Amino acid sequence: MDELSVLREEINSIDDKIMTLLDKRYTLTMKIGDIKQVKNITILDTKREDYINDKISKYSHSPQISVVYNTIMSESKKAQRK
């Protein structure tokens, strides 16, 4: 197998893990949304977002990770509003 194929296989494996974890994350997001609705808590939690952004800043590819997480957090808030 050539180097490109090996690297793509590794990315495929990582993508499978990311997708599984994102699916779990969105399941938890929906549960959190239900709790927020019952307790009349606002969807936006700036402290939580600041905490996540602070964690992101510690990675060497933080600009790219930040873009991904901004999308994840945006989609999570949309899901919680349903």
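**Chatting through the helices**

Modeller: Let's start with Ser76, which lies in helix H3; helices here are DSSP runs (H or I, at least four residues), numbered from the N terminus. This is a predicted model, where local features need pLDDT of at least 70, side-chain atom pairs count only at pLDDT 80 or more, and totals for chains, interfaces and linings use all residues. Residues are numbered from 1 along each chain as its sequence is written, and side-chain values use heavy atoms, with hydrogens and water left out.

Biologist: Is Ser76 buried or exposed?

Modeller: Ser76 is buried, because its relative accessibility is 6%; buried means under 20% relative accessible area, exposed over 50%, and partly exposed in between (1.4 Å probe, protein chains only).

Biologist: And which residues is Ser76 in contact with, leaving aside neighbours within four places in sequence?

Modeller: Those are Arg25, Tyr26 and Thr29, with contact meaning heavy atoms within 4.5 Å.

Biologist: Switching to H2, which of its residues are buried?

Modeller: In helix H2 (residues 46-56), Glu49, Ile52 and Ile56 are buried. They sit on the same side of H2 because they cover an arc of only 65 degrees around the axis, taken from the directions from the helix axis to the C-beta atoms.

Biologist: What's on the other side of H2?

Modeller: Lys47 and Asp50, both exposed.

Biologist: And what covers the buried residues of H2?

Modeller: The cover includes H1 and helix H3 (62-81).

Biologist: Last one: where is Asp34 found?

Modeller: Asp34 belongs to helix H1 (residues 3-38), and is partly exposed at a relative accessible area of 47%.

Definitions and conventions: Helix = DSSP H or I, 4+ residues; strand = E, 2+ residues; numbered from the N terminus.
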